[in-house]
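Student: I have a structure to read, and I am new to this. Could you take me through its features one at a time?

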Amino acid sequence: MLIKLSSNFYFTGGHSRYEAFRKGLQRNLEGYVGFANLPNQVYRKSVKRGFEFTLMVVGESGLGKSTLINSLFLTDLYSKDYPGPSQRIKKTVQVEQSKVLIKEGGVQLTLTIVDTPGFGDAVDNSNCWQPVINYIDSKCEDFLNAESRVNRRQMPDNRVHCCLYFIAPSGHGLKPLDIEFMKRLHDKVNVIPLIAKADTLTPEECQLFKKQIMKEIQEHKIKIYEFPDTEEDEDSKLIRKIKERMPLAVVGSNVVVEVNGRKVRGRQYPWGVAEVENGEHCDFTVLRNMLIRTHMQDLKDVTNNVHYENYRSKKLAAVTCNGVDTSKSKGQLTKSPLAQMEEERREHVMKMKKMETEMEQVFEMKVKEKKQKLKDSEAELERRHEQMKRNLEAQYKELEEKRRQFEEEKANWEAQQRILEQQKLDASK
Amino acid sequence: MWGSTLLGYVGIDTIIEQMRKKTMKTGFDFNIMVVGQSGLGKSTLVNTLFKSQVSRRSSGWSRDDKIPKTVEIKSVSHVIEEGGVKMKLTVIDTPGFGDQINNENCWEPISKYINEQYEKFLKEEVNIARKKRIPDTRVHCCLYFISPTGHSLRQLDVEFMKHLGRAVNIIPVIAKADTLTPEEKTEFKQRVRKELEVCGIEFYPQKEFDEDMEDKSDNDKIREAMPFAVVGSDKEYQVNGKRVLGRKTAWGIVEVENPNHCEFSLLRDFLIRSHLQDLKEVTHNIHYETYRAKRLNDNGGLHPISSSSDTQESNL
């Protein structure tokens, strides 16, 4: 038996085996080959490279966004010395990002948190989503340019991988602002809606509220982040549980309080302690597990494969449609540099030819015109010449006539004179 | 004026009894307006305050009603009785306030409504043949619900209170106070009070209307404690053998009438048990008189401006 490993993994030694492979069936190996180590290699490489993740938080001020971020990543991103955007008063929507490097178990994560202070806080909130959209698009554009450059060694990925949208716990339903925002952003970024400050709601109110929100989301055809179905049973059970609890109702806190001798993170009220990590109190653990422990990579993949590709195709289609490069990007876009140059040259040559034919046409036309004009004036001159000749002849004839008359008169007069003379002579005799 | 001592019992003090009997017979009106974004628990609080189903929600409006596109004014009236005293309570709700994307001037319909009620009263007063008892539809008190963000007042809150603080008695309350821990609550209240002071907003009880030292000290105490952080509920639960109004969560029961949990009882005592009459008097003597003076001065006489009122009233 010859088991030859090539890039196609084909096995010789048996017609049937070859046939089976051609049909794409999986085969057992005869001995230990070693490519099962591949995931480990990928893992080691990625760990060396480190991971990047960009998380955006959007919501009105006072919904506990900063506290939740601190709780999720168990660090004080916003602390007393570096107060978060929520402590400052702002007149317009800003988009601010803070980067933090987190290390755990040898794995490095560059976490970027994008905050949007001022969102929904003004009296008139029309277009408060515009700065957010601009930010996301600009990050996609940066990546697009970096991807199209000739030298692609360093490609930092700053695209927004996930957007946590905080819904105020009114208990009724979504506000017009929530609906507008999610409608505009669901095809640019993964939107995960969260119910903020969920310790305001009793369990029944929470259920009703969640149902109402999901109903409205479906009504308005908003595409929130969908958890991918996996084949294994374990994971699909988990995913189904998560899907039932959407949107997740969260409570954030980094303060440790004591409950029944245990130390837990929570919020201390006179009537009890709302525990952050207790699954019956809120969905914080679900969010954390989903966001960090199971679906971080999937969020990045969906951003890369779906949202970024949408942006890219839209952007490039706009450019090629016009035929002229209207985009202000610094790099080249469609093909390799050589092909691009070839195309440009061809275009140029065609343009020149067109211009040439056009000019010739114009010239022809002008020549014809001039000829016509000359002919016309010639004819005119001829006509005048004829006319003048005729005039002259007429005058000549007239003159002749007059002379004849004059001669006649003269002859008459002379004859009369002679007669008179004769009479005079006769009379004197 | 000098006082003179009486030589025997005359019976002047029975006038109090006579007044009481009269008021009990005629009953009195109280009009309360609730303003705030949807979902802040306004209707629940009003139900809890008057211990009966008096809000718009209970009169046939479901909680799934769509948010209206403009601010509407809906008033619902009930006659409630306690200890022989009858009160015609009108709750004026303002759905749609602050719920749109663009909330510019969303206080204008409310301002218009308040002025319309003053106008109605003025017209009745100015009539030649006046009614014995002019029906009082003026807004005596406006409860403004502040969202418990924990940070500060929103732009919309400041604008509303600035525009309406001179026309009606505004009592700011912090809604859904079970969101805040005790420390957060005190911090938030301080910040709100400071911000109101900075913006020059006077809420009820206004400092300028304190009549004497006793009033001032009472009201000072109240002003220090405002805005009240309240929780409303119309469900009862069993706590330590007693049945109390509250909200049941997985980590405990929030008791509405427990002063350690929230300040609902303070608000109720203040609003109903001690200052109800004062609210009406301030509305009549000060806000209404301001309106009347302005109207009479502006036109140099009395020309009716608009006689239509487009509020819906459903009387039981």
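**Salt bridges**

Tutor: Over all chains the count comes to 35 salt bridges. A salt bridge here is a side-chain nitrogen of Lys or Arg within 4 Å of a carboxyl oxygen of Asp or Glu. This is a predicted model, where local features need pLDDT of at least 70 and side-chain atom pairs count only at pLDDT 80 or more, while totals for chains, interfaces and linings use all residues. Residues are numbered from 1 along each chain as its sequence is written, chains are lettered from A and ligands numbered from 1 in the order in which they are written, and side-chain values use heavy atoms, with hydrogens and water left out.

Student: Which residue forms a salt bridge with A:Arg288?

Tutor: Start with the general idea. Side chains of opposite charge can pair when their charged atoms come close. In this model A:Glu277 pairs with A:Arg288, and their closest N and O atoms are 3.2 Å apart. A:Glu277 lies in the loop between β9 and α8 (284–294) of chain A, and A:Arg288 sits in helix α8 of chain A, so the pair ties together parts 11 residues apart in sequence. Helices (H or I, at least four residues) and strands (E, at least two) are DSSP runs, numbered from the N terminus.

**The interface**

Student: How much area do chain A and chain B bury between them?

Tutor: The size of an interface is often given as the accessible area lost when the parts come together. Chain A and chain B bury about 3400 Å² between them, 53% of it on carbon and sulfur atoms. Buried area is the accessible area (1.4 Å probe) that two parts lose on being put together, summed over both. A:Val123, A:His172 and A:Trp271 supply 25% of the area that chain A buries against chain B, more than any other three residues.

Student: How many residues of each chain are in contact?

Tutor: 40 residues of chain A are in contact (heavy atoms within 4.5 Å) with 39 residues of chain B.

Student: How many salt bridges cross the interface of chain A and chain B?

Tutor: The rule finds 3 salt bridges there. One joins B:Glu184 and A:Arg267, with the closest N and O atoms 2.6 Å apart. In chain A, α5 (176–185), α6 (203–219), β8 (262–269) and β9 (272–275) each supply at least two residues of the side that touches chain B. The largest share, 4 residues, comes from α6(A).

**Packed helices**

Student: At what angle do α3 and α8 of chain B pack?

Tutor: Two packed helices are described by the angle between their axes and the distance between the axes. Helix α3 (residues 108–126) and helix α8 (residues 276–299) of chain B pack at about 80 degrees, with their axes 10 Å apart. That makes α3(B) roughly perpendicular to α8(B). Roughly perpendicular covers 65 to 115 degrees. Axes are lines fitted to C-alpha atoms, for helices over the stretch in contact, and angles run from 0 to 180 degrees between N-to-C directions. Residues of α3(B) that meet α8(B) include B:Tyr118 and B:Phe121.

**Backbone**

Student: Which peptide bonds are cis?

Tutor: Most residues other than glycine have a negative phi, and most peptide bonds are trans. The bond from A:Met246 to A:Pro247 is cis, with omega near -10 degrees. A:Pro247 is in the loop between α7 (233–244) and β6 (248–249) of chain A. The bond from B:Met226 to B:Pro227 is also cis, with omega near -5 degrees.

Student: What is the phi of A:Asn127?

Tutor: A:Asn127 has a positive phi of about 60 degrees, although it is not a glycine. A:Asn127 lies in the loop between β3 (107–115) and α4 (130–148) of chain A.

Conventions. Parallel < 35°, antiparallel > 145°, perpendicular 65-115°, else oblique.
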